[in-house]
Amino acid sequence: MKYWYETLAVAQRILRELGRRKRSLIFWAIFPISILVINALILAERAQLTTAKAFENAAPASLVGAALFFSCLGGSVATVVAEREQHTLKRLFISPLSGTSYFLGIFLAHSCIGIGQVIIVYTIASFLGAQFQGSILLGIAIIILSIISYVGVGFILGTQFARRTEDVNSLVAAFGVPLLILGGAFLPTALFPKNLLELAKYNPIYHMNEALIQVWANGKNFNEISQHFWFLFIFSLAMIAGGWLSYRRMLRVEKRL
C-alpha cells in the first residue's frame, strides 16, 4: 500500500502541474482531433468511403500512431528532463519516497493523459457515425500495450539522451517522425512499396496501428491479429525493463553530481 499511495501522489502532482499550465492539456486534446479529421477526410476522398467508415479507419492511426506517441512518449521525455532541471531528483534522495513509486507515478500520469485522448478520439468518431465492430476488451488491451511501450521508450530517451529541455523536440523528431510515417500514422500502409512494408514490420507503431484497425475497424478476432499482439506484448515488456534500468542508471548518475 505504501508504493500505491506514493505512486498516486507523484501522478497527482504531475497532473496538477499540467492542469495549472492548461495549455499542454489543451494542445494534447486538439492534436488528436485535428489528426483524426484530416486523416478521415483524406480517406473519404481518396478511398471513396462514407464519412462513418472513413472515421472508423482513421481513428486507430490517429490515436496510437500520433496522439499517444506525442503525449506518452514525448510527454514522458519532457517530464523526466524537467524533473532533472528542477532538481526534483535531488529532493527524492532525502525524502522517504521510493524510486519505484516515482517511476510508476510518472508512468501513471502519462497513462491518464493517453486514456483521455482515447476517450476524445473515439467519442468524436462515434458522434460522426463510426461503429466499432471488434472486441472492446481486445482493443483496450492493444491501447494499454501501446501506452506502456511509448512511456518505456520515453524513459529510455529521457534518461539517456536528453539533458536539457531544448533537447526534447529534436530528440522526439529525430526518433519519432520517421517511425510514425513508417508505422502508417500519416500514410496508409497499403501505399507502401514491398521493401518498405517489410521494414515496417520491425516498427512497433506499425503493429499498434494494424492491430487496432483490424480489431475495431474490421472486426477481426484475436487469432487474426495475434502476430501484431504478441509483438506489442514482448516489446512493451522490453520497454518496461529498459525504462526501469535507464531510470536506475540516471539516479546513480544524479547522486554523484
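This is a predicted model: local features need pLDDT of at least 70, side-chain atom pairs count only at pLDDT 80 or more; totals for chains, interfaces and linings use all residues.

Residues are numbered from 1 along each chain as its sequence is written, and side-chain values use heavy atoms, with hydrogens and water left out.

**Stop 1: the largest pocket.** Select Arg21, Gly74, Gly75, Ala78 and Thr79; of the 20 lining residues, these are the closest to the pocket's centre. The space here comes to about 550 Å³. A pocket is an open set of points on a 1 Å grid over the protein atoms alone, where a 1.4 Å probe fits, with protein on both sides within 12 Å along at least five of seven lines; lining residues have an atom within 4 Å of a point. Volume is the space filled by probe spheres set on the points, which are joined across faces, edges and corners.

Now colour helices H1 (2–21), H2 (23–46), H3 (51–85) and H7 (166–182), each of which gives at least two residues to this lining. Helices here are DSSP runs of H or I, at least four residues, numbered from the N terminus. H3 has the largest share, with eight residues. By type, the lining has 10 nonpolar, seven polar and three charged residues. (Ala, Val, Leu, Ile, Met, Phe, Trp, Tyr, Cys and Pro count as nonpolar, Asp, Glu, Lys and Arg as charged, and the others, Gly among them, as polar.)

**Stop 2: the second largest pocket.** Go to Leu43, Gly184, Leu187, Pro188 and Thr189, which lie nearest the centre among 20 lining residues. H2, H3 and helix H9 (204–217) each give two or more residues to this lining. The volume is about 410 Å³, and the lining splits into 12 nonpolar, six polar and two charged residues.

**Stop 3: histidine 228.** Find it in helix H10 (residues 222–256). Its side chain makes a polar contact with that of histidine 207 at 2.9 Å. (That's a pair of N or O atoms within 3.5 Å; within protein, one must be able to donate a hydrogen and the other to accept it, and residues adjacent in sequence count only if both atoms are side-chain atoms.) Buried or exposed? Histidine 228 is buried, at 14% relative accessible area (buried is under 20%, exposed over 50%, partly exposed in between; 1.4 Å probe, protein chains only).

**Stop 4: the cysteines.** Cysteine 72 is buried at 0% relative accessibility, while cysteine 112 is partly exposed at 37%.
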